[in-house]
Amino acid sequence: MPKSTIFKNNAWILPEGMGELLPTEAIQLEQLRRRVLDHFSSWGYDLVIPPFAEYLESLLSGTGNDLDLQTFKMIDQKNGRMMGIRADMTPQVCRIDSHQLNKEEPTRLCYMGTVLHTKSDGFAGSRSPLQFGVELFGYGGSGADAEVLAMMCSTLKVAGVKSFYLDLGHVGIYRGLAKQAGLTKDQEYYLFDAMQRKAIPEIEQLLQEFAVKSPVKEMLSALAMLNGGDEVLIEAVSVLEKANNDVKSVLDNLGAIYMSLKELEPDVDIHFDLAELRGYHYQTGVVFAAFVPGKGHEIARGGRYDEIGEVFGKSRPATGFSSDLKAILQLTESEQSGAKGAIYAPYLSFGSSAQRSGLFKVITDLRNAGERVIFELEDQQGDAAAMGCDRVIVKQDDNWVVETIS
């Protein structure tokens, strides 16, 4: 078969992980987008729209190696510098706060836009998520973390996700214990990897190999088992009684966030995992994620990352969350109307200008009232029903009126 024929027959195929939305799903996504952005605004968060591509060093600032691997890279033909297509909007929003806005008071920003990944990420399996989220800059207290957590919960509810639970952790606990144990960077990394897999025998073996002494040895060994409901916080105080002051301060901080969150979202189901270290290489405080039953991957995630803005000239406390609107749409249980029934306007091949202007006025008035009106085209195939219309404009005496299709 000629090469040109092969390409012609397969021209409709999309790259793996690159999807498209057809009319009904597209309008549902747009309705959801508007609801979410309106919700952000009601909390006092201002919308920003960063560029789709930037210089690579800006996109990857403070985010660790994982984001580097997810980023498509290209050369700027104007100056030869390396650019990247954004795989995460968080660094961009941080740049806007640190460099463009440059405020001292707390700043609340929100965003929504397509990002591009080199490989599929998340339960939806998309390489082009529609990322949305919020960032609260300039306040390091537990109240900011609780606000962002509560906002994540309320946003999921506004989106129509009825059943979900939160998973809370804090990177400061492991970080403080690793410092108390005197671990090298390499040792800290290997133990971190075992902690993420909750590989208890491997954790104990590594602690033995690294010659970690009591009592920090026992505390690190127990850390992987500190997960469950709010009783975990009480248990952690006892288990980590001999930890350094940094760890004890972290436990106090996590407890304050929990208490504030329960006031804002009293019905939320909260699970603690004190060995959960997602984003460990750039997060500096609380880490959290939202899950739905039956899904192994989080549907939203966030945390505190106070040092990410330093490269932009102003390191400010920062906390936020993000998610994928396309993935959320798959979980929504809300009644979304999709495409609204339309009105069919007849084609006029003859008639006075008064008749035509009268019809056009009726159509304009209907559209101004929020109706969808579709023109019939000359000699087209398909009738009003085939065009998705449930009503039609007809002439009665000297007036144009709308009738329901029976």
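Helices (H or I, at least four residues) and strands (E, at least two) are DSSP runs, numbered from the N terminus. The structure is a predicted model, in which local features need pLDDT of at least 70, side-chain atom pairs count only at pLDDT 80 or more, and totals for chains, interfaces and linings use all residues. Residues are numbered from 1 along each chain as its sequence is written, and side-chain values use heavy atoms, with hydrogens and water left out.

Confidence is expressed as pLDDT (the predictor's confidence in each residue, from 0 to 100). The chain has a mean pLDDT of 89. A value of 70 or more is reached by 91% of its residues. Among the elements, strand 1 (residues 46-47) has the highest mean, 98. Helix 1 (residues 3-9) has the lowest, 57. Over residues 334-338, pLDDT stays under 50. The model has 12 contacts (heavy atoms within 4.5 Å) for this stretch beyond four places in sequence. Where pLDDT is low, the predicted coordinates should not be read in detail.

R304 belongs to strand 11 (residues 300-304). Its relative accessible area is 5%, so R304 is buried (under 20% relative accessible area; exposed is over 50% and partly exposed in between, with a 1.4 Å probe and protein chains only). The R304 side chain makes a polar contact with the side chain of D145, at 3.1 Å. A polar contact is a pair of N or O atoms within 3.5 Å; within protein, one must be able to donate a hydrogen and the other to accept it, and residues adjacent in sequence count only if both atoms are side-chain atoms. Beyond four places in sequence, R304 touches residues including Y139, A144, D145, Q283, V286 and P317.

The largest nonpolar core has 76 residues. Such a core is a set of buried Ala, Val, Leu, Ile, Met, Phe, Trp, Tyr and Cys residues joined through side-chain atoms within 4.5 Å. Its largest share, nine residues, comes from helix 6 (residues 142-159). F40, L166 and L177 have the most contacts inside this core. Residues up to four places away in sequence aside, L177 touches V216, M219, L220, L223, L240, A243 and V247. Another core, of 13 residues, lies apart from it and includes M89, C94, F137 and F312.

In helix 10, V216, M219, L220, S221 and L223 are buried. Their cover includes helix 7 (171-181), helix 8 (185-196), helix 9 and helix 11 (231-239). The loop between helix 9 (200-209) and helix 10 (216-223) contains P215. A cis peptide bond joins S214 and P215, with omega about 5°.

Two residues other than glycine have positive phi. For N102, phi is near 55°. N102 sits in the loop between helix 5 (90-101) and strand 5 (107-114). With a relative accessible area of 46%, N102 is partly exposed. For D397, phi is near 55°. The D397 loop runs between strand 15 (389-396) and strand 16 (399-404). D397 counts as exposed, at 74% relative accessibility.

Strands 14-13-15-16, in that order, form an open sheet with mixed pairing. Two strands pair if DSSP finds at least two bridges between them. Strand 14 (372-375) and strand 16 are the edge strands, each pairing on one side only. The twist averages 35° from one strand to the next, with axes as lines fitted to C-alpha atoms, for helices over the stretch in contact, and angles from 0 to 180 degrees between N-to-C directions. Strand 13 (residues 342-345) and strand 15 run parallel and are joined by three bridges. Y344 has V392 in strand 15 as its bridge partner.
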